[in-house]
Amino acid sequence: MTVTPLATHPSDRLAPAFRGRIGGDARSGHYAVPGRYRLHLSTACPDGLRIAITHGLLGLETVCPATFLPAVPDCPGGGHSALRPLYEASAHRYTGPAVAPVLSDAWSGRIVSTHAPDIMRDLDRRFGDDRLSLYPGGAESEIEAVERMCAQGIEQAAQRAGSAGGEPVERDMALSTLLETLGALERWLVGRTYVIRDEITAADVELWVALVQLDTAHRNHLDASAVQRIADHPTLWAYARHLAAHPAFGGHLDLDGIERRHHARCHGLEAAGAAVQILDWAAHAAR
């Protein structure tokens with residue numbers, strides 16, 4: 001799958017405060033031992049939802065337990081008070097926000113990583129088994145291409161299209177980028193069940209979460225005409241509906257939490273007739 005390079009635009013995603021990795025043996029310091037690590041996630045956050053789906057697909061509930069945090073952080077800057085002790089133990093006089101997601105090490109009481117892509121890869125490579133590989137051999141470049149397409153062509157483009165501070169021309173250009181990306185995905189998915197392989201991979205996790213955010217958060221800041229054009233991709237939304245019925249996907253979907261988190265930090269335009277979601281996510285997840 002090819003991706004047209006997009007111009008770089010600022011994102012609301014914070015740079016990771018910690019970016020350690022889990023290695024393959026004791027020489028790596030952080031190495032894979034069942035029960036040693038714990039995830040701290042909010043599934044109302046896109047990165048938290050991605051990791052929770054990955055965790056569920058790999059069946060790591062006992063190997064690497066997860067603690068689920070409130071949808072709306074209770075500290076300034078998007079931080080969680082429950083994570084403050086971990087941050088302070090991991091960095092002397094840490095003054096930044098104690099944000100999720102976090103992968104922590106129970107042996108040291110410190111944080112290994114706050115970088116979602118690394119966490120997802122380490123869960124798969126260090127704790128996964130032969131039944132399912134979300135990062136199969138030879139697929140890394142394709143997965144990275146889908147990650148870029150989702151981040152730039154869907155999430156950032158949708159943010160700019162609904163930005164209250166953007167000029168109308170800039171918003172129109174961003175909407176065009178979003179629609180071009182959705183159109184490319186629509187054509188690509190014709191005759192396919194999943195994005196790059198015949199089974200679920202990390203590319204599907206990335207795309208599904210991006211579509212959830214588009215319909216539950218970004219849609220609120222677009223007018224009815226724009227939402228109608230976004231909805232006019234039947235293959236793409238059928239793909240999203242299909243994955244919503246999977247327990248690892250729909251089972252982690254906190255629609256109320258996403259809405260509360262969005263309203264708590266929202267800086268976009270007021271919705272102009274786009275009150276109805278494209279998918280009835282709750283109904284499809286229930287099935």
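## Overall size and make-up

The radius of gyration is taken here over C-alpha atoms, and the rule for a globule is 2.2 Å times the number of residues to the power 0.38. With 287 residues, a compact globule would by this rule have a radius of gyration near 19 Å, and the protein, with 19 Å, agrees with that. The structure is a predicted model, in which local features need pLDDT of at least 70 and side-chain atom pairs count only at pLDDT 80 or more, while totals for chains, interfaces and linings use all residues. Residues are numbered from 1 along each chain as its sequence is written, and side-chain values use heavy atoms, with hydrogens and water left out.

Along its principal axes, the C-alpha trace spans about 55 × 45 × 35 Å. The secondary structure comes to eleven helices and four strands, where helices (H or I, at least four residues) and strands (E, at least two) are DSSP runs numbered from the N terminus. Among contacts (heavy atoms within 4.5 Å) between residues at least 6 apart in sequence, 73% join residues at least 24 apart.

## The sheet

Strands of a sheet pair through backbone hydrogen bonds, either parallel or antiparallel. In this protein the four strands form an open sheet in the order β2-β1-β3-β4, with mixed pairing; two strands count as paired if DSSP finds at least two bridges between them. Because β2 (66–68) and β4 (110–113) stand at the edges with a single partner strand each, one side of each is left without a neighbour in the sheet. Neighbouring strands are turned by 35° against each other on average, direction ignored; axes are lines fitted to C-alpha atoms, for helices over the stretch in contact, and angles run from 0 to 180 degrees between N-to-C directions.

The strands β1 and β2 pair in the parallel sense over three bridges, and H40 stands opposite T67 in β2. H40 also stands opposite V102 in β3, where four bridges join β1 to β3 in an antiparallel arrangement. Strand β3 (residues 102–105) is in turn joined to β4 by three bridges, again antiparallel, with S104 opposite I111 and D105 having R110 as its bridge partner. In the hairpin of β3 and β4, which has four residues between the strands, G109 takes a positive phi near 70°.

## Helices against the sheet

Helix α1 (residues 46–58) packs on the sheet and touches β1 (37–41) and β2, its direction making about 135° with that of β1. Helix α3 (residues 116–127) lies across β1, β3 and β4, and runs at about 145° to β1.

## Burial and the nonpolar cores

A nonpolar core is a set of buried Ala, Val, Leu, Ile, Met, Phe, Trp, Tyr and Cys residues joined through side-chain atoms within 4.5 Å. The largest such core has 70 residues, and L207 and W208 have the most contacts inside it; helix α6 (residues 202–216) gives the most to this core, with ten residues. Leaving aside neighbours within four places in sequence, L207 is in contact with residues including C150, L185, V195 and Y239. Apart from this core lies another, of twelve residues, among them F18, L69, A91 and V102.

Key: Buried means under 20% relative accessible area, exposed over 50%, partly exposed in between (1.4 Å probe, protein chains only).
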